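Reader: I'd like to go through this one with you and ask where the labels come from. Can you give me the cut-offs as we go?

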Amino acid sequence: MKVSIIIPAYNEQVTIEQIISKVKAASLPPGLSKEIIIVNDGSHDKTAEILSSFSGQAGIVIVHQSNQGKTGALLTGFKNATGDIFLIQDADLEYDPQQYPQLLQPIADGQTEVVYGSRFLGQIEGMKPINRWANGVSNWTINLLFGTKITDINTCYKVFTRRAFETFVVRGKNFDLDCEATVKFLKNGFTIREVPISYVARSRAEGKKIKWSTAVGMFWMIIKYRFCSD
């Protein structure tokens with residue numbers, strides 16, 4: 001099976017070269033191969049220039065588009081992917097690709113079709129208390145509405161089969177996919193398996209893009225998609 005690693009990038013000139021190198025070097029469980037899909041989502045720094053050095057390399061696809069937000073960039077990545085499994089990777093260094101084996105093994109073993117890497121089951125460095133609280137509210141709401149015990153719906157590390165993803169249509173924008181996908185996976189009968197991961201938070205000064213307005217919008221997506229028909 002092939003794993004398509006989707007990397008949305010918006011103004012990530014500081015880290016994009018390093019994260020691509022880490023993804024290229026990351027090992028996978030036996031029997032899996034990988035391709036890397038990088039979507040430059042309208043960056044206006046040197047991200048596009050840096051990506052040009054990877055153009056034409058085997059196993060790497062680079063797509064440039066006008067800014068459409070993280071969800072729009074991910075959808076472009078999925079559209080260009082040829083793999084059986086999708087793995088989402090942020091373009092910063094908060095999430096370490098060395099953790100791919102534990103994320104992919106449950107799918108490779110046929111135990112599930114959806115895996116989330118949980119920061120709260122693993123190790124967290126540098127996350128502010130207010131961000132922990134916001135994550136906790138989202139997790140509590142999902143678990144209340146679905147009777148689940150998910151610990152980290154807002155994790156970047158979401159891994160799922162193409163088949164699971166193609167059971168629903170994505171309607172949201174910006175950062176909405178985290179909550180929308182979680183709700184729709186659950187509504188469509190998929191079990192979300194969580195595995196512990198390590199996480200090193202970056203600050204807004206270092207390029208973190210989540211704001212309070214973003215968090216509120218993502219929370220609303222949980223309520224909206226739990227009770228709407230699509």
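Author: Cys179 has a relative accessible area of 0%, so it's buried. Bear in mind that this is a predicted model, where local features need pLDDT of at least 70, side-chain atom pairs count only at pLDDT 80 or more, and totals for chains, interfaces and linings use all residues. Residues are numbered from 1 along each chain as its sequence is written, and side-chain values use heavy atoms, with hydrogens and water left out.

Reader: What makes helix α7 largely enclosed by the rest of the structure?

Author: Helices here are DSSP runs of H or I with at least four residues, strands are E runs of at least two, and both are numbered from the N terminus. Helix α7 covers residues 177–187, and ten of its eleven residues are buried, so the rest of the structure largely encloses it. Among the buried ones are Leu177, Cys179, Glu180, Lys184 and Phe185. After α7 comes Gly189, with a positive phi near 90 degrees.

Reader: Why is the contact between Lys2 and Glu35 called a salt bridge?

Author: The label takes a side-chain nitrogen of Lys or Arg within 4 Å of a carboxyl oxygen of Asp or Glu. For Lys2 and Glu35 the N to O distance is 3.9 Å, so the pair passes that cut-off of 4 Å. Lys2 sits in strand β1 (residues 2–9) and Glu35 in strand β2 (residues 33–41), so the pair ties together parts 33 residues apart in sequence. Lys2 is partly exposed at 28%, while Glu35 is buried at 8%.

Reader: How many salt bridges turn up in the whole structure?

Author: Seven. One of them joins Asp90 and Lys70, with the closest N and O atoms 2.9 Å apart. Asp90 is in the loop between β4 (85–88) and α4 (100–108), and Lys70 is in helix α3 (residues 69–80), so this pair links parts 20 residues apart in sequence. Asp90 is buried at 13%, and Lys70 is buried at 17%. Another salt bridge pairs Arg119 with Asp152 at 2.8 Å between the closest N and O atoms. Both Arg119 and Asp152 are buried.

Reader: What makes something a cavity, and which residues line the largest cavity?

Author: On a 1 Å grid over the protein atoms alone, a cavity is a set of points where a 1.4 Å probe fits but cannot get out, and lining residues have an atom within 4 Å of a point. The largest cavity has a volume of about 30 Å³, taken as the space filled by probe spheres set on the points, which are joined across faces, edges and corners. Its lining is Lys70, Thr71, Leu74, Asn174, Phe175, Asp176, Leu177 and Asp178. The elements giving two or more residues to that lining are α3 and α7.

Terms used: Buried < 20%, exposed > 50% of the residue type's maximum accessible area, 1.4 Å probe, protein only. 1 Å grid on protein atoms, 1.4 Å probe; cavity = no way out; pocket = protein on both sides within 12 Å on 5 of 7 lines; lining within 4 Å.
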